[in-house]
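Please look over the sequence and structure shown here before reading the notes. The notes are grouped by topic and can be read beside the picture.

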Amino acid sequence: MVKTFKFKNLKNTRLCFKYGLVFLLLAFFAACKKSENKLSIVYAKQFPVGIQIPKGLIKGAIDDLKVIDQNAVAKVSILGVFKDQDSIVLFKPLIPLTFGFQYQIYDGEKLIGSIQVPTPKNNAPKIVKIYPDVDTIPENLLKIYIAFSKPMRTGESLNYITLLDKKGDTMRNVFLNLQPELWDTTGKVLTVWLDPGRIKRDLILNQKLGNPLKTAQAYQLVISPSWKDHQGLALAKEYKRKFIAGKRDDQIPDVKKWLISRPIPNIRSSLNITTGEYLDHYLLLESIEVLDDKGKTVRGEVKVNAGESWMFTPKQNWRKGIYQLKIDNRLEDLAANNLNRVFDRDVRKDKQQNKTFTYLSFKVEH
Amino acid sequence: MKKSYLFLAAIVAGVLLFAGTRKAANPYGLTVGTPEIKSITALSFGPNGVLFIGDSQSAAVFAVDTKDTKKVNTAKAFELKNIDVKIAEALGTAKENINITDIAVNPISKKLYIAVKSADGTPLLLMLNADNEIKSVSLKDVSFSSIALNNVAAADAKDQRGRPLRVSSISDLGYYNGKLMVSGLSNKEFSSSFRSIGFPFTGKQEDESSLEMYHGAHGRYETTSPIRTFSVTKIAGKDYVVASYTCTPLVLFAMDDLKPGASAKGRTIAEMGNQNTPADMIWLKTDSKDFLVMANDRRPAAKVSYDEIQKFEGSLTSKVATTAGVNFTALPYEKVMQLDKLDDTRAVLIQKKANGDLDLWTSDGKNI
């Protein structure tokens, strides 16, 4: 009796298993069939760069297909190409699809599908650093660099950058409006000029409106959180940066006052230069080269700290002997005075030199 | 047998001759391929449908044969209200996500080429035909050549940590008599550059000229102010570059002086108002007289008569409080963002209207 029961039970289990398997297979095929006719987004480097249209949805010729932005006023076909790829047709628009937008696919006049591009789950862009990264800047500061964590939207930067005076009022016409804007090659670092016409002394703008910054006064640079990155994500927060204007700097940076450390031979100790004044961060990073006694470039890694400390770690050990620092004369301080001339000058009256490089030598010895 | 050899030789010679003829059809040393254009910040047409594309991000200029050379004698006026919305919809996005960086009318086909940057950074070249329809201009497999503008490669190569490189932003381009002129500025140090490069490009790097001018609004001689826009004119049989800067001085430089590495001294002929950046300038005829028309960002567009420029022999060398020098007329058009010449008498403009709309329109030969 027990045996029979067991057998029956086993038979039922097998039957259940078989039915289950058939159900699963059917469900799988049904799902496959459904997904076969589903539109999908194709991504490249985190951008939605295309729409896959299953051929099961298309009745007419590929040439009859068009993609339209659902919210567009004029229902025009989006510029792009349709590529025939086995079981699907791939639509590749000229620029990536826009996050959050709904797109409709038409086969001739018939709407065959609609798909929304989900908003990305990526992190919001951040401001990594604002240079100069010091609290006190000369009152004739010429430029500010803003470094972002991601490439940002360009062409309208001055809508998002505000300078507030000590009362918290927005200062007008402080920055130079330039088109194209000055972004670096990565699209992450923006250079903003304070209007040179207002900085140079005795100019009409300077006399009429005054220097944008005044010695011993506090200012605040504010960057709006509505500034979006290249994917349409807004900045994580509003960024504020306080600083105080110090006295005017009308002096050529003096390399003779630089303090140069003495590296130790046979090891990779770092070479440190203390410039004694804050220099332009990016120019300092790339303006100094180390040459060996044969005039060959010494390879190594450069670090800049707060615009006044330059550190170089060679890839190979120092050798005993005389080395040289080759300094590009375009190196500027915060008021754009470079090694050849002061920024605020008359080219016919004021002294200037036209050297490309300045050389300083240092010894490596025990 | 001999005859058949002769026949074969004749065919070979014919093929070679044909190949030779084909080569001669491309006189600018262009090769077929896909230019690696990273940004389009300035456009200007050269000879026979060649379009110069200024790429600030690559610090290079590309010369692309558009093959758009079907001559149109009477151009239809362009008219497209809310051009930013129309372009955005054609690209499947919103107007906030696009930026019109320059326009140029093909002087042969009279089609309008529009450079656009999308929010993700993609540079685009679009074209507006006579029916105001937006089309895409493919830059794949085109005949092109290019010239690098960065003669500071050594300085960039020094950056051993792969840090962002120096950008030579291109503010304007212009072609005249076999020369391509490029004005620009750097994103690192405050400096301007002006180059006159022979076209066809030889691949040889040409040094920039240093341009010195007296800036009346600044009351001093300057060399570093960046040229925003320029044009070319002939005065008493000599060719001149007419350049304008931020704070709007108008300066003439003799083209003979624009030699690589040379320092050219300009003659400042007008101060057209400070706190302003000129966007574009073109020459137009009104009642058979020539006028220089200039688009400005914070001041209305302005027009200067060629006769006045020609007559003005001196140079402004004293400080100017507002405006001085050659007389100019302020036009009733503010915020003209883009400007180019459609034909001798008409201009194509992109203007930001008081209500914020961005409209493309064409002047009628009298209203500018």
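The model is predicted. Chain A has an average pLDDT of 87, and 85% of its residues score at least 70.

**Confidence in chain A**

**Overall make-up of chain A**

- Chain A contains four helices and 22 strands.
- Chain A has 366 residues, and 48% of them count as buried.
- Among contacts in chain A with a separation of 6 or more, 64% are between residues 24 or more positions apart.
- The accessible surface of chain A is about 19,800 Å², and carbon and sulfur atoms account for 53% of that surface.

**Helix H2 of chain B**

- Helix H2 of chain B runs over residues 83-91 and is mostly covered, with seven of its nine residues buried.
- Which residues of H2(B) are buried? They are B:Ile83, B:Asp84, B:Ile87, B:Ala88, B:Glu89, B:Ala90 and B:Leu91.
- These buried residues pack against several strands of chain B, including S5 (98-105), S6 (112-118) and S7 (123-128). Strands S8 (134-136), S26 (347-352) and S27 (358-362) of chain B are also among the packing partners of H2(B).

**A sheet in chain B**

- Five strands of chain B form an open sheet in the order S1-S9-S4-S3-S2, and their pairing is antiparallel.
- Strand S1 (31-33) and strand S2 (42-45) of chain B are the edge strands, and each pairs on one side only.
- Ignoring direction, neighbouring strands of this sheet are turned by 35° against each other on average.
- Within this chain, S4(B) pairs with strand S9 (residues 142-148) in the antiparallel sense over five bridges. B:Val61 has B:Ile147 in S9(B) as its bridge partner.

**Salt bridges**

- Over all chains, 21 salt bridges are counted.
- A:Lys326 and A:Glu289 form a salt bridge through their side chains, at 4.0 Å from N to O. This pair links distant parts of the chain, with A:Lys326 in strand S21 (residues 321-328) of chain A and A:Glu289 in strand S18 (residues 288-291) of chain A, 37 residues apart. Both A:Lys326 and A:Glu289 are buried.
- B:Lys111 and B:Asp68 form a salt bridge in which the closest N and O atoms are 3.4 Å apart. Here too the pair links distant parts of the chain, 43 residues apart: B:Lys111 lies in the loop between S5 and S6 of chain B, and B:Asp68 lies in the loop between strand S4 (60-65) and H2 of chain B.
- Is B:Asp68 buried or exposed? B:Asp68 counts as buried because its relative accessibility is 8%, under the 20% cut-off. B:Lys111 has a relative accessible area of 26% and is partly exposed.
- A:Arg248 forms a salt bridge with A:Asp250, with the closest N and O atoms 3.1 Å apart. A:Arg248 is buried, at a relative accessible area of 16%, whereas A:Asp250 is partly exposed at 24% relative accessibility.
- Salt bridges with shared partners join A:Glu139, A:Arg248 and A:Asp250 into one network.

Key
Residues are numbered from 1 along each chain as its sequence is written. Chains are lettered from A and ligands numbered from 1 in the order in which they are written. This is a predicted model: local features need pLDDT of at least 70, side-chain atom pairs count only at pLDDT 80 or more; totals for chains, interfaces and linings use all residues. Side-chain values use heavy atoms; hydrogens and water are left out. pLDDT is the predictor's confidence in each residue, from 0 to 100. Helices (H or I, at least four residues) and strands (E, at least two) are DSSP runs, numbered from the N terminus. Buried means under 20% relative accessible area, exposed over 50%, partly exposed in between (1.4 Å probe, protein chains only). Contact means heavy atoms within 4.5 Å. Accessible areas come from the Shrake-Rupley method with a 1.4 Å probe; for residues, only the protein chains shown count as cover. Two strands pair if DSSP finds at least two bridges between them. Axes are lines fitted to C-alpha atoms, for helices over the stretch in contact, and angles run from 0 to 180 degrees between N-to-C directions.
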